[in-house]
Amino acid sequence: MIVPMTSEQKRHVAFDWGGVFTVGTFDGRSTQNVADRSGVPVERVRDSYFRHVRQLEVGAWTLAKFWTVMQEEAGIPMPYGDFEELYLGSIADNAPMYATLAALPADVRVGLLSNNYPVVSDHLRRDPRFARFHQPVFSNELGHKKPSPESFAALEAAMGVPAAQVAFVDDVQENIDAANAAGFHGILYHHDHHAAFEATLAEWLNG
């Protein structure tokens, strides 16, 4: 169990979601699942998906509008209800990270900053494990996505402590660089090296 030292400058941690609490990328898995279910080539699905996904990430479109555009553009014969079920079903949990989350001491404040999508963010909030997060920040609700300075400013505000007291865990180096620039302590994550990550996080919390 990770047990931080007691100090006046108590340390905390915030996480990304995709690629940290999931194995691999949600976008890659969901587009592959759409292709497999519909019979439409995955390249065509991904061409449309990645052309428009930013509209979801900043909350400009609903998931239903996003799907209507994709469906027409890529010629995908699938009703929205089936897509939403398939989309949410494309989440693949990274079980070791959820175990790490559960083991964090109660006095460690835990944040979340995720480039996410309508419906998915609501789905995650309903997960009992997400009760551990202190005021999660989702890009689709904020209107800004990582690595923007606005997203990290929102995370600092949500955490309620100075950025210097918070480690930020992400699987993308660009986001780690932005976190460091915003005053956080960035920790790059890969699920293949989870034990090493736990040691790094423990060192930070105990520092």
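The largest nonpolar core has 48 residues, and Val-13, Phe-15, Trp-17, Phe-21, Ile-76 and Tyr-87 touch the most other members. A nonpolar core here is a set of buried Ala, Val, Leu, Ile, Met, Phe, Trp, Tyr and Cys residues joined through side-chain atoms within 4.5 Å; buried means under 20% relative accessible area, exposed over 50%, and partly exposed in between, with a 1.4 Å probe and protein chains only. The model is predicted: local features need pLDDT of at least 70, side-chain atom pairs count only at pLDDT 80 or more, and totals for chains, interfaces and linings use all residues. Residues are numbered from 1 along each chain as its sequence is written, and side-chain values use heavy atoms, with hydrogens and water left out.

- A second, separate core of 15 residues includes Leu-113, Ala-158, Val-161 and Ala-163.
- Beyond four places in sequence, Ile-76 is in contact (heavy atoms within 4.5 Å) with Val-34, Ser-38, Val-40, Val-45, Trp-67, Met-70 and Gln-71.

**Domains**
- The chain is divided into domain 1 (12-24 + 92-206) and domain 2 (26-89), with bounds from an automatic or database domain assignment.
- The domain centres, taken over C-alpha atoms, are 25 Å apart.
- Domain 1 brings 15 residues to the contact and domain 2 brings 16 residues.

**Largest pocket**
- The largest pocket holds about 380 Å³ of space. On a 1 Å grid over the protein atoms alone, with a 1.4 Å probe, a pocket is an open set of points with protein on both sides within 12 Å along at least five of seven lines, and lining residues have an atom within 4 Å of a point. Points are joined across faces, edges and corners, and the volume is the space filled by probe spheres set on them.
- Of its 20 lining residues, Asp-16, Gly-18, Asp-27, Asn-115 and Val-172 are the closest to the centre.
- Because domain 1 and domain 2 both give residues to the lining, the largest pocket lies between them.

**Two loop valines**
- Val-119 is in the loop between β2 (110-114) and α6 (120-125); helices (H or I, at least four residues) and strands (E, at least two) are DSSP runs numbered from the N terminus.
- Leaving aside neighbours within four places in sequence, Val-119 is in contact with Leu-63, Tyr-80, Glu-84 and Leu-88.
- Val-161 lies in the loop between α8 (149-159) and β4 (166-170), and counts as buried because its relative accessibility is 15%.
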